[in-house]
Amino acid sequence: MTTEIYGVSGRRWGPAIDTALFWGWSGLLMFGPLAFGAVQSWSFFVYQLGAITLLGLWAVRQSLSGNIHVSSSPLFLPAALFGVLVLLQLSAGLSAYRYMTHAAALEYGLYAIMMFLATQILRLPERRMLLMQILVFFAAAISAFALVYAVAGNGKLYWFYPVSEGSKMFGPYVNRNHFAGLMEMLLPMALVLSFSKRVHPVTRATYLLCVFLIAAAVTMSKSRAGVLIVGMELLVIVLMVLPKGTKNSRLALRSLAVLGVIVFVAAGVASNFMAKFHSDDLIRIGTTMDSLKMFKAHPFAGWGLGTFPYVYPQYRSYFSWYFINHAHNDYAELLVETGAAGIALMLWFLSVVFTQGWSRCSGWRSQEEPAFQLAGLLGIAGLLVHSLVDYNLHIPANAVFLFALCAVVAMYPSGASQRRSKSAHRRERMQVVSIGD
């Protein structure tokens, strides 16, 4: 009798399907930013269709293997409970606008699928390193395009797609702050690779050029929060790689690093007229304060996911010709829409990401997995800070990137689960066939 752990079909088609899953998932990840952030119906539909197709392909791969293995993640539980909360809003009549809650639930369903696939597809460190390299050059290419367009643009996306009057477009995004949000997640990858001891000097110079292009594009975008966050990411990495020496030399090097970042931020301040207090800033402050009043009306489960722009007018405390579609503070909006329960689940989710990620950052200059961990954590932290003054998490492309990074950074549970995962990886590589009587 012959027992095949992976089966004939699994051995024949398994590696090809694994490769298709990796490139398909990576390509879908990069599609969103190129399609204006996937904010339009057609682009979001492509996102959903692509994610469901990849999920089906993964299921076929598992079926062919004859040994179904699902990699676990400590993020699955808080994510699942968030889904339960949204289902409760829909089923118990807790949503102020059920249709919009249903539509928002579909968006979060996309994020959940992409997170799940990231956990399954990117189990091996070499795949994560390849993905990081791909994303660095992807970010540099978008930044180069954005810089060229800033000089030779005609007010239309890609020179042909019209946008509404007054749009603050930059690169492939209608809103410059959302372009900066994407770059905040990707710049740390270029920085980490630039200072890696595993990288050849010529390749290091290439990564440094990518860093320059990304930082220059963020500065040219005139996103004030973007300039500050990119400056802080540069400072963190520079301080981490400063050589050891005497106390005075370390102090001098750190002072020089801080001075360099201050100069960079000051240049961004000067070019982006940050000193001027805009009416938009008053709107952000007023909307956040009004959000607290909305939270008091429905403190536990909120008004319903996706309902903020429809409930907010009755609580608005200032006059404006603008239609306020978001709170310009992702945390305030989540508090309004999902209440204390949603905020608690978000804090649980993020605490897992940072606890799991930071525990495996040691040795990032010489090892692949810690390098991705550090880059991912810095990118996640950058966008989370930006979310205090904007709504990047309501731009599907940026949200997919954030949740994908969270999934990879917090991928392996500690202890026995991690050992089981490593054992599964060895079996997957060896394509074992057990033959008996």
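What share of the contacts in the chain with a separation of 6 or more comes from residues 24 or more positions apart? The share is 76%.

## The chain overall

This is a predicted model. Its secondary structure comes to 15 helices and two strands. The chain has 437 residues, and 51% of them are buried.

## The nonpolar cores

In soluble globular proteins, nonpolar side chains tend to be buried together. Here the largest nonpolar core holds 108 residues. Inside that core, the residues with the most contacts are Trp 25, Leu 122, Met 183, Leu 186, Met 189 and Val 353.

Take Val 353 and skip its neighbours within four places in sequence: what's left in contact with Val 353 is Leu 75, Leu 377, Ile 380, Cys 406, Val 409 and Ala 410. There's also a second, separate core, made of 11 residues, with Val 311, Tyr 318, Ile 324 and Ala 327 among them.

## H6 against H7

Two packed helices are described by the angle between their axes and the distance between the axes. For helix H6 (residues 176–194) and helix H7 (residues 201–221), the axes come within 9 Å and cross at roughly 160°. Angles over 145 degrees count as roughly antiparallel, so that is how H6 and H7 run relative to each other. Their crossing is left-handed.

On the H6 side, the contact is made by Arg 176, Phe 179, Ala 180, Met 183, Leu 187, Ala 190, Leu 191, Leu 193 and Ser 194. They meet Arg 204, Tyr 207, Leu 208, Cys 210, Val 211, Ile 214, Ala 217, Val 218 and Ser 221 in H7. By type, the residues of this contact split into 14 nonpolar, two polar and two charged. Met 183 turns up here and also in the list of residues with the most contacts inside the largest core.

## H6 against H14

H6 also packs with helix H14 (residues 396–409): the axes come within 10 Å and cross at roughly 25°. Is the pair roughly parallel or roughly antiparallel? Angles under 35 degrees count as roughly parallel, so H6 and H14 fall into that class. This crossing is left-handed.

His 178, Gly 181, Leu 182, Met 185, Leu 186 and Met 189 of H6 make the contact with Asn 398, Phe 401, Leu 402 and Leu 405 of H14. The tally for this contact is seven nonpolar, three polar and no charged residues. Leu 186 and Met 189 sit in this contact, and both are on the list of residues with the most contacts inside the largest core.

Now for some backbone detail. Phe 36 is found in the loop between helix H1 (7–34) and helix H2 (41–65). Its phi is near 65°, a positive value in a residue other than glycine. Phe 36 is buried, with a relative accessible area of 6%. Ala 38 lies in the loop between H1 and H2 too, and its phi is near 60°, again positive in a residue other than glycine. At 1% relative accessibility, Ala 38 is buried as well.

What does Ala 397 touch, not counting residues up to four places away in sequence? The list is Gly 32, Pro 33, Gly 37, Ala 38, Tyr 47 and Tyr 173. Ala 397 is found in H14 and counts as buried at 0% relative accessibility. Between Ala 397 and Met 30 there's a sequence separation of 367 residues, yet C-alpha to C-alpha they are 8.2 Å apart in space.

How values were computed. Residues are numbered from 1 along each chain as its sequence is written. This is a predicted model: local features need pLDDT of at least 70, side-chain atom pairs count only at pLDDT 80 or more; totals for chains, interfaces and linings use all residues. Side-chain values use heavy atoms; hydrogens and water are left out. Axes are lines fitted to C-alpha atoms, for helices over the stretch in contact, and angles run from 0 to 180 degrees between N-to-C directions. Helices (H or I, at least four residues) and strands (E, at least two) are DSSP runs, numbered from the N terminus. Angles under 35 degrees count as roughly parallel, over 145 as roughly antiparallel, 65 to 115 as roughly perpendicular and the rest as oblique. A crossing is left-handed if the near helix is turned anticlockwise from the far one by less than a right angle, and right-handed if clockwise. Contact means heavy atoms within 4.5 Å. Ala, Val, Leu, Ile, Met, Phe, Trp, Tyr, Cys and Pro count as nonpolar, Asp, Glu, Lys and Arg as charged, and the others, Gly among them, as polar. A nonpolar core is a set of buried Ala, Val, Leu, Ile, Met, Phe, Trp, Tyr and Cys residues joined through side-chain atoms within 4.5 Å. Buried means under 20% relative accessible area, exposed over 50%, partly exposed in between (1.4 Å probe, protein chains only).
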